[in-house]
Amino acid sequence: MEESSGLSSMKFFSDQYLSYADILPPHEARARIEVSVLNLLRILNSPDPAISDLSLINRKRSNSCINQGVLTDVSYIFLSTSFTKSSLTNAKTTKAFVRVWKVMEICFQILLQEKRVTQRELFYKLLCDSPEYFSSQIEVNRSVQDVVALLRCSRYSLGIMASSRGLVAGRLFLQEPDEEVVDCSACGSSGFAISGDLNLLENTVMRSDARYIIIVEKHAIFHRLVEDRVFNHIPCVFITAKGYPDIATRFFLHRMSTTFPDLPILALVDWNPAGLAILCTFKFGSIGMGLEAYRYACNVKWIGLRGDDLNLIPEESLVPQKPKDSQIAKSLMSSKILQENYREELSLMIETGKRAEIEALYCHGYDYLGKYIATKIVQGKYI
């Protein structure tokens, strides 16, 4: 690496228009940490130390770009090569500057020990070791993203395992290495828990005779569909992340999409801005995931709830939107990736000021959800 007069000139690998996090084996991830530390020491030992700024890939919306699929149906959000600075001399960012090195130190130890930890476990370790710098999980999460932005390697490559809330059920057989085959149609209404170990998920063998993959926003709706064994009537696999998707659930869905490329992926979410945001996270990725945003994007179609379903729902079941709905709607409206028919749905949500939850369909009976999904599929009513 060439000599640096300051951390602002720290560059690890080629500056590319697409900024992404590599998936690396442990020894390569350790090497990137060592390079960054050596570069810092070189700066500290220089005759005229200039340790003021730490250059990180800018993770704000203003630095996001869109890749519209040409040879593929998948479009995704990614970050371009634009930098932001965390300054050691600025009182507001001094602690953030130090947190980066504290997190890298722990990650290096984890990699040496060939361990994996969740971000929650990482928080408690840092809270014990450096309470003056880490007082909340959010500070740890942001610092982890800073390290990813600096080293340009994924969290998993740093020994940080995804905490998974995801469940899967239906016409899918899974076999993890050296384990028995799991029949996801025989796991009961609770489904099968998706592992947070991305390496394990990568090496899991998948078999299915399903014709659809259906993402379900809510755990309670997932539970109802699985308990009613709707996958026997509609040959499908149900997946839920119990709300906003975690990395492991997104990774699992992406694995399914590449293993079974001909299976349509359909999303069943509430008709409100939050439901649309959840769908878009599965479909396009999210800026919140920084350099890992694009990796797990899938070609997801919106099956419901949508504006044309409001005639199925009693007026009294439509509830007023919350202040947070307005914030999410504003953010979505400003997104360059939101396609026109999604934008029209969002405009209708804003215009009515109402939100409709999937449970509102129970006015037709508790077994109506399966019929609703089947009708949508037969009529091809998804966008």
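This is a predicted model: local features need pLDDT of at least 70, side-chain atom pairs count only at pLDDT 80 or more; totals for chains, interfaces and linings use all residues.
## Salt bridges

Side chains of opposite charge can pair when their charged atoms come close. Across the whole structure, the search returns 15 salt bridges. One of them links Lys 218 and Asp 270, with the closest N and O atoms 3.0 Å apart. Lys 218 sits in the loop between strand 12 (212-216) and helix 6 (219-227). Asp 270 sits in the loop between strand 14 (265-268) and helix 8 (273-284). The pair therefore ties together parts that are 52 residues apart in sequence.

Are these two partners buried or exposed? Lys 218 has a relative accessibility of 16%, so this residue counts as buried. The cut-off for buried is under 20%. Asp 270 is at 2% and also counts as buried.

Arg 355 and Glu 357 form a salt bridge, 3.6 Å from N to O. Arg 355 is buried, with a relative accessible area of 10%. Glu 357 is partly exposed, at 30% relative accessibility.

Asp 367 and Lys 371 form another salt bridge, 3.7 Å from N to O. Asp 367 has a relative accessible area of 47% and is partly exposed. Lys 371, at 49% relative accessibility, is partly exposed as well.

Strands of a sheet pair through backbone hydrogen bonds, either parallel or antiparallel.

Strand 14 is covered on both faces. Ile 265 and Ala 267 lie on one side, Leu 266 and Leu 268 on the other, and all are buried.

Where does Ala 297 lie? Ala 297 is in the loop between helix 8 and strand 15. Its relative accessibility is 5%, which counts as buried. Cys 280 is 17 residues away from Ala 297 along the chain, and the C-alpha atoms of the two are separated by 9.2 Å.

Strand 7 (residues 167-170) has buried residues pointing both ways. Leu 167 and Ala 169 point one way. Val 168 and Gly 170 point the other way.

Strand 7 pairs with strand 10 (residues 192-193) in the antiparallel sense, through 2 bridges. Leu 167 stands opposite Ala 193 of strand 10. Strand 7 is also antiparallel to strand 13 (residues 236-240), with 4 bridges between them. Val 168 has Ile 239 of strand 13 as its bridge partner.

What is the strand order of the open sheet of 3 strands? The order is 9-8-11, and the pairing is antiparallel. Strand 9 (182-183) and strand 11 (205-207) are the edge strands, each pairing on one side only.

Strand 8 (residues 173-175) and strand 9 run antiparallel and are joined by 2 bridges. Phe 173 has Asp 183 of strand 9 as its bridge partner.

## Helix 2 against helix 3

Two packed helices are described by the angle between their axes and the distance between the axes. Helix 2 (residues 94-112) packs on helix 3 (residues 119-129) at an angle of about 120°, and their axes are 11 Å apart. The crossing of helix 2 and helix 3 is right-handed.

Helix 2 contributes Lys 102, Val 103, Ile 106 and Ile 110 to the contact. Helix 3 contributes Leu 122, Lys 125, Leu 126 and Asp 129. By class, the contact has 5 nonpolar residues, 3 charged residues and no polar ones.

Methods
Residues are numbered from 1 along each chain as its sequence is written. Side-chain values use heavy atoms; hydrogens and water are left out. A salt bridge is a side-chain nitrogen of Lys or Arg within 4 Å of a carboxyl oxygen of Asp or Glu. Buried means under 20% relative accessible area, exposed over 50%, partly exposed in between (1.4 Å probe, protein chains only). Two strands pair if DSSP finds at least two bridges between them. Axes are lines fitted to C-alpha atoms, for helices over the stretch in contact, and angles run from 0 to 180 degrees between N-to-C directions. A crossing is left-handed if the near helix is turned anticlockwise from the far one by less than a right angle, and right-handed if clockwise. Contact means heavy atoms within 4.5 Å. Ala, Val, Leu, Ile, Met, Phe, Trp, Tyr, Cys and Pro count as nonpolar, Asp, Glu, Lys and Arg as charged, and the others, Gly among them, as polar.
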